[in-house]
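My entries follow in the order in which I made them.

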Amino acid sequence: TCSFGMCQAQADTGFSDFGCMLTIRGSEDLPDGRSLIDAVGGRRFKVLRRSQRDGYNTADIEYLQDQQIATEDLGILQVFHDQVYQMALSWFRHLPRFNQQYLH
C-alpha cells in the first residue's frame with residue numbers, strides 16, 4: 001500500500017505540528033506532467049522532528065491515539081456528523097460539474 005503524510009503549510013516551520021497519513025487509491029498523469037492523486041485520510045500524527053530529503057519535507061512522527069467516545073455522547077456526535085455531512089454535500093452540489101467529476 002502506498003501512503004504518505006500531509007500537514008498544513010506554515011510559514012515559520014514549513015509545516016504544522018500535526019498531520020494525517022493518506023493512502024493512495026489511484027492516480028492519473030496529467031498532460032502537463034503533474035499527477036492527480038486519489039487518496040483517503042487515515043491515522044493522525046504529531047511531528048517530532050523535521051528534515052528534508054531530495055528537496056521534500058520529511059518528518060519523524062508519532063501516531064496519535066483517538067479518545068474513546070462515551071456512550072452517552074454518541075447521539076450528540078451523530079447530530080454533529082450529520083450537520084457537517086449536509087454542509088459538505090451542499091458545498092459539493094454548488095460546484096461546477098467539471099469540478100464535481102474529480103471529487104466524486
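**Entry on Q100.** I listed what Q100 touches, leaving aside its neighbours within four places in sequence, and found F92, R93, H94 and L95; contact here means heavy atoms within 4.5 Å. This is a predicted model, in which local features need pLDDT of at least 70 and side-chain atom pairs count only at pLDDT 80 or more, while totals for chains, interfaces and linings use all residues. Residues are numbered from 1 along each chain as its sequence is written, and side-chain values use heavy atoms, with hydrogens and water left out.

I placed Q100 in helix α2, residues 97-103. Helices (H or I, at least four residues) and strands (E, at least two) are DSSP runs, numbered from the N terminus. Is Q100 buried or exposed? Q100 has a relative accessible area of 9%, so it is buried. Buried means under 20% relative accessible area, exposed over 50%, and partly exposed in between (1.4 Å probe, protein chains only).

I then looked at the polar atoms. The side chain of Q100 reaches the backbone oxygen of F92 at 2.9 Å, and a polar contact of 2.9 Å joins it to the side chain of R97. A polar contact is a pair of N or O atoms within 3.5 Å; within protein, one must be able to donate a hydrogen and the other to accept it, and residues adjacent in sequence count only if both atoms are side-chain atoms.

**Entry on the sheet.** I traced four strands in an open sheet, in the order β1-β2-β3-β4, with antiparallel pairing. The edge strands, each pairing on one side only, are β1 (3-10) and β4 (56-63). Two strands pair if DSSP finds at least two bridges between them. Strand β3 (residues 35-53) and β4 have eight bridges. In β4, Y56 is the residue opposite R53.

**Entry on S16.** I found S16 in strand β2, residues 14-29. With a relative accessible area of 14%, S16 is buried. A polar atom of the S16 side chain lies 2.8 Å from the backbone oxygen of F18. Beyond the neighbours within four places in sequence, S16 is in contact with C7, Q8, Q10, V47 and R50.

**Entry on the cysteines.** How many disulfides does the structure hold? I counted zero, a disulfide being a pair of cysteine sulfur atoms within 2.5 Å. C7 is partly exposed at 23% relative accessible area, and C20 is partly exposed at 22%.

**Entry on the salt bridges.** I searched the whole structure and got five salt bridges. A salt bridge is a side-chain nitrogen of Lys or Arg within 4 Å of a carboxyl oxygen of Asp or Glu.

- D17 and R50 meet at 2.8 Å, N to O. D17 is in strand β2 and R50 in strand β3, 33 residues apart. D17 is partly exposed at 39% relative accessibility, and R50 is partly exposed at 33%.
- R44 and D66 meet at 2.3 Å, N to O. R44 lies in strand β3 and D66 in the loop between β4 and α1 (74-93), so the pair ties together parts 22 residues apart in sequence. D66 counts as exposed at 57% relative accessibility.
- R49 and D60 have their closest N and O atoms 3.1 Å apart. R49 is in strand β3 and D60 in strand β4, 11 residues apart. R49 is exposed at 51% relative accessible area, whereas D60 is partly exposed at 39%.
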